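Look at the structure shown below.

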Amino acid sequence: MTEDDLVHPKLKAWLKQTIDLCGPDHVHICDGSPKEYATLMETMVAKGNAIPLPKRPGSYLFRSDPSDVARVEARTFINTRKQDDAGPSNNWADPDAMRATLRDLYKDCMKGRTLYVIPFSMGPLDSPLSRIGVEITDSPYVVVNMHIMTRVGTAVLQKLGNAGAFIPCLHSSGKGAGNPQWVCAPMDQKYISHFPEENVIASYGSGYGGNALLGKKCLALRLASAMAWREGWMAEHMLLLRLTSPEGKRYHIGGAFPSACGKTNLAMITPTLPGWKAECLGDDIVWMKPDADGRLWALNPEAGFFGVAPGTSRATNPNAMKTIEKNTIFTNCALTDDGDVWWEGLDREKPSHLTDWQGQSWTPDKEAPAAHPNARFTASATQCPILCQDWDAPEGVPLDAILFGGRRAHVAPLVTQALNWDHGVFLGATLASETTAANIGAVGKLRYDPMAMTPFCGYNMGDYFQHWLTMGDRLGTKAPAIFYVNWFRKGKDGAYLWPGYGDNCRVLKWICDRVDGKVGARETPVGYLPCANDLDLSGLNLAPGALDVLLDPGLAERKEDQPQLEAHLARFGDRLPQRLRQQAAALALCLP
Ligand code: GTP
Ligand code: SPV
Ligand code: MN
């Protein structure tokens, strides 16, 4: 297929304009076929960009430039006409000024390269919730990743016809001659730019993950959250799973945790409690819409997993390990001498010799990790052994519970249930978590990350809070129950108090039983907490005293946190809903 075969006048015009601006040598319209994927991989192997992994059929390792290893929140922009509409949690730029800046950068940026046109759908093609995007990129690495992460190809163009709506997503790795293995621009020239008022994305200068695979965070979260606000649905940074009890009752649970805080792991959980069965529907993004009866239906718009490699092992996440046995793209993992990938926390002894993520010889005496902490795998959802058969049902699945959670060494208990929807929104709005390597910046620093959406909300977060409240009003008694979880509480010795992973099903069981009104809890100012004997801890050996800490509402510590919490909420000024002010005031009154 060539440009001339395109029948959509708007798409054709945008492509022509982009060719004129970026000046590529060739143009390739992607059909999404396995042959296209294989050909691109062969070319990248020939150039030394992709390293075939003989131990894993159809799998390849890529190494990024050492400066381009994660999302770049500091270079991510929401361009609205009024700055206040982007809100205090986003970097803002005037749309016209941003367009001018980008035009200069994009000018002839694809000289000597091929321009790829990727028609893709977020969500199954037959779903009313789905949205179509077209990504133009000069990175073949992006093309192969998009093949896995989204639904790419000719069927998408057919659905578009000659008048269908699509979201233009322009990406270039940037001019820089620098690293022949991985092109990218210097930090101050990277722009991950969003125009929510026009539904346009423009990304320049980074080839990594969410900066470059524009269907993911840029479309399915930043633009989609703004669309959802305008149109009465929700786009959230959530995993989605189905849990079936020993009695055969199904529960659908969505969970919003910040980046690298456990969504993929919970989405693929292997429950340690006998009789409980988990099935994965999605690990990063959920789109949700209420039906006429007031139930909230949830759908994963992606088609693959772009998961954190370090920490993934047969012990912690056997389902992910099976998912990535073949046909997987690995980025910034270490390479073993016999041609397999390796990372810190993999269920094996440290090899005596590796090639690290930067291509250097590595031995265990080295201090630096062999894999980058944000090393990732890209694998098709269909390879997950516990993928739920309804994962691509066009209407989604009805949601029973929503979890918020983060990485918090102190304060936050193992689990609390919100007292009601408003209180749940308050728990989400005050989610605090220690930062991770998923963004370029400080790691381990506590920050407020409302609903795990700080980097992904495409509009004023005060309005976003109001949207959550409004959705609750609409859902009424059918609204999912809201919980706050923390797998990461630490003891005095700095070790995790809770085993996590498969044992998190003990918390999920309590959650399901709460949804059914079957199990006890005690009411505290921060929500309903299980009493020790409300949790099924059979067969678990917690350290002495650990449970007391895990189930402590942490009121004294919260008192210390109160000034920061108030400052966090105050940032949203008069866009902070009155109902959340009331929640904060109610909590303050209850603290010692
Ligand atoms: P993004 O893809 O960045 O959005 O991350 P995510 O939320 O999907 O996080 P993921 O499940 O990949 O987990 C990130 C890291 O946290 C990995 O190193 C995991 O091993 C670790 N982790 C996940 N769940 C648990 C848990 O229950 N307990 C502990 N201690 N660590 C966990
Ligand atoms: C995250 O950072 O939340 C991710 C990885 O899921 S990325 O796609 O790079 O955003
Ligand atoms: Mn994520």
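This is a predicted model. Among the residues around ligand 2 are Arg71, Lys216, Lys217, His237, Asp284 and Arg376. Which side chains place a polar atom beside an oxygen atom of ligand 2? Arginine 71 has a polar side-chain atom 2.8 Å from an oxygen atom of ligand 2, and lysine 217 has one at 2.8 Å as well. For histidine 237 the distance to an oxygen atom of ligand 2 is 3.3 Å. Taken alone, ligand 2 exposes 290 Å², and the protein buries 98% of that.

The shell around ligand 2 can also be described by its parts. Helix 7 (209-212) and helix 8 (215-231) each supply at least two of its residues. Domain 1 (3-30 + 74-231) and domain 2 (236-303 + 392-590) each give at least three residues to the shell around ligand 2.

Next comes ligand 1. There are 22 residues around ligand 1, and Ala260, Lys263, Asn265, Arg376 and Tyr501 come nearest. Arg376 is also listed among the residues that surround ligand 2. The shell around ligand 1 is made up of 10 nonpolar, eight polar and four charged residues. Some contacts to ligand 1 come from the backbone: a backbone N or O atom of glycine 262 lies 2.9 Å from an oxygen atom of the ligand, and a polar backbone atom of proline 310 is 2.9 Å from an oxygen atom of ligand 1. Tyrosine 501 uses its side chain, with an N or O atom 2.7 Å from an oxygen atom of ligand 1. On its own, ligand 1 exposes 660 Å², of which the protein buries 93%.

The largest share, three residues, comes from helix 9.

The last stop is helix 12, which covers residues 461-475. Its 15 residues reach 21 Å from the first C-alpha to the last, close to the 21 Å expected at 1.5 Å a residue. Is helix 12 mostly covered or mostly open? It is mostly covered, with 11 of its 15 residues buried. The buried residues include Phe465, Trp468, Leu469 and Met471. At the N-terminal end, asparagine 460 caps helix 12 with a side-chain oxygen 2.7 Å from the backbone nitrogen of glycine 462. After helix 12 comes glycine 476, with a positive phi near 55°.

Definitions and conventions:
Residues numbered from 1 in each chain as written. Chains lettered and ligands numbered in written order. Predicted model: local features only at pLDDT ≥ 70, side-chain atom pairs only at ≥ 80, totals over all residues. Heavy atoms only, no water. Near = heavy atom within 4 Å. Polar contact = N/O pair within 3.5 Å; in protein donor to acceptor, adjacent residues only side chain to side chain. Areas by Shrake-Rupley, 256 points an atom, 1.4 Å probe, with all protein chains shown as cover. Helix = DSSP H or I, 4+ residues; strand = E, 2+ residues; numbered from the N terminus. Nonpolar A, V, L, I, M, F, W, Y, C, P; charged D, E, K, R; others polar. Expected span 1.5 Å × (residues − 1). Buried < 20%, exposed > 50% of the residue type's maximum accessible area, 1.4 Å probe, protein only. Domains from an automatic or database assignment.
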